[in-house]
Amino acid sequence: MPLVTSKEMFNKAYKGGYAIGAFNVNNMEIIQGIVEAAKEEKSALILQVSAGARKYANPIYLKKLVEAAVEDSNLPIVLHLDHGENFDICKACIDSGFTSVMIDGSKYPFEENIRITKEVVEYAHSKGVVVEAELGKLAGVEDAVKVSEKDATYTDPEQAVEFVERTGVDSLAVAIGTSHGAYKFKGTPSLDFERLEIITKKLEGFPLVLHGASTVMPEFVAKCNEYGGKLPGAQGVPEDMLRKAATMGVCKINIDTDLRLAMTATVREYFVNHPEEFDPRKYLGPARDAIKQMVQHKIKNVLGCSNSIL
Ligand SMILES: O=C(CO)COP(=O)(O)O
Ligand SMILES: O=C[C@H](O)COP(=O)(O)O
Ligand SMILES: [Zn+2]
Ligand SMILES: [Zn+2]
């Protein structure tokens with residue numbers, strides 16, 4: 001089976017009230033861990049590559065690794081550009097065989113965001129590639145965001161409708177209180193579900209995306225810290241909130257930080273317990289297993305996309 005777009009996946013996910021996991025990939029072990037989990041869970045899969053990943057791994061290598069994953073797994077897999085900054089990077093990815101790209105114009109004013117998104121949509125659609133855009137700004141470390149600040153940065157439901165209509169985009173990332181990285185909330189975590197509900201109602205049937213959706217699982221933060229790490233106060237989005245979002249039109253949930261933490265905690269533990277070892281396979285193997293377990297947990301218990309290929 002060749003790489004696929006997310007069109008069909010999102011249709012099914014929307015109707016089924018679950019989300020597809022979009023996992024960031026940077027090297028072979030990460031890809032293999034994710035794909036092993038998806039195989040066991042018979043789950044559709046989105047593998048996403050950021051600009052940083054392209055710089056780190058070289059797009060040629062990543063593309064070949066993802067192709068190997070498709071061949072090995074026979075799963076429907078989307079190869080997606082995460083946070084494309086401009087038309088040129090989106091075009092480069094489309095031309096090299098990505099089946100989905102994100103144009104992230106969220107830092108621009110509304111009209112400019114529409115203009116660059118539309119430009120990417122026109123090119124992508126002419127090549128059979130789907131496009132994700134973003135409206136609203138993801139918070140930095142959130143400290144009980146005030147209502148007025150929410151209105152300035154979170155996705156405005158009226159604007160979301162206009163944005164989707166005018167751009168012809170295929171999915172939309174919304175800002176409702178999540179943020180990237182390991183420090184998402186200073187106090188009690190909260191997401192603006194009222195806003196999400198309004199957006200979902202206004203855009204009936206249209207797939208939404210949640211970025212910054214790692215849970216920053218406490219056991220992995222604790223393990224990092226136990227074995228020499230320093231991650232005080234790391235906190236993510238509670239799993240029940242992600243489950244709820246998945247029933248409310250959110251069809252794609254982005255996860256990177258949780259994979260990083262699983263990998264790092266595992267390698268740290270290995271180094272402390274085996275100071276005599278220096279064969280990279282000895283610590284990258286367990287790190288790959290940790291990624292697999294993490295992804296399997298997400299698919300089964302959080303995203304709800306087990307058996308989504310059946
Ligand atoms: O949104 C993401 C990638 O686009 C990843 O979010 P996390 O940092 O919460 O894993
Ligand atoms: O959105 C951010 C993702 O976690 C990717 O991070 P990165 O840009 O460091 O590769
Ligand atoms: Zn963004
Ligand atoms: Zn993101």
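Leaving aside neighbours within four places in sequence, Asn254 is in contact with Ala22, Val209, Leu210, His211 and Ala213, where contact means that the C-beta atoms, placed from the backbone, lie within 7 Å. Everything here comes from a predicted model, in which local features need pLDDT of at least 70, side-chain atom pairs count only at pLDDT 80 or more, and totals for chains, interfaces and linings use all residues. Residues are numbered from 1 along each chain as its sequence is written, while chains are lettered from A and ligands numbered from 1 in the order in which they are written.

Asn254 is found in strand β8 (residues 250–255); helices (H or I, at least four residues) and strands (E, at least two) are DSSP runs, numbered from the N terminus. Asn254 counts as buried because it has 26 C-beta neighbours inside 10 Å. On this scale, a residue is buried if 20 or more other C-beta atoms lie within 10 Å of its own, exposed if 12 or fewer, and partly exposed in between, with C-beta atoms placed from the backbone.

Asn254 also turns up in a UniProt record: the unreviewed entry places the feature "binding site" at Gly181, Gly212, Ala213, Ser214, Asn254, Ile255, Asp256 and Thr257. These positions are spread over 77 residues of sequence, yet they cluster in space, with a largest C-alpha distance of 11.4 Å. UniProt positions are given in the numbering used here, feature names are shortened, and annotations may be inferred rather than shown by experiment. Gly181 sits in the loop between β6 (171–174) and α9 (193–202), and counts as partly exposed because it has 16 C-beta neighbours inside 10 Å.

Next come the ligands. Ligand 1 is surrounded by 14 residues, the closest being His211, Ser214, Asn254, Asp256 and Thr257; a residue is near a molecule if its C-beta atom, placed from the backbone, lies within 6 Å of it. At least two residues of this shell come from each of β3, β8 and α12 (257–273). By type, the shell around ligand 1 splits into two nonpolar, nine polar and three charged residues. Here Ala, Val, Leu, Ile, Met, Phe, Trp, Tyr, Cys and Pro count as nonpolar, Asp, Glu, Lys and Arg as charged, and the others, Gly among them, as polar.

Around ligand 2 are Asn24, Ser50, Gly52, Ala53, Asp82, His83, His180 and Asp256. Helix α3 (51–57) and strand β3 (77–84) are the elements that give two or more residues to this shell, which holds one nonpolar, five polar and two charged residues. Asp82, in strand β3, is where the unreviewed UniProt entry places the feature "active site". Asp82 counts as buried because it has 25 C-beta neighbours inside 10 Å. Apart from neighbours within four places in sequence, Asp82 is in contact with Asn24, Gln48, Val49, Ser50 and Met102.

In α5 (residues 87–95), Cys90, Cys93 and Ile94 are buried. They lie on the same side of α5 because they cover an arc of only 100° around the axis, the arc being that of the directions from the helix axis to the C-beta atoms. These buried residues pack against β3, β4 (100–103) and α6 (110–126), whereas the face turned away from the buried side carries the exposed residues Asp88 and Asp95. Gly97, whose phi is positive, near 110°, follows α5.

Notes. Contact = placed C-beta atoms within 7 Å.
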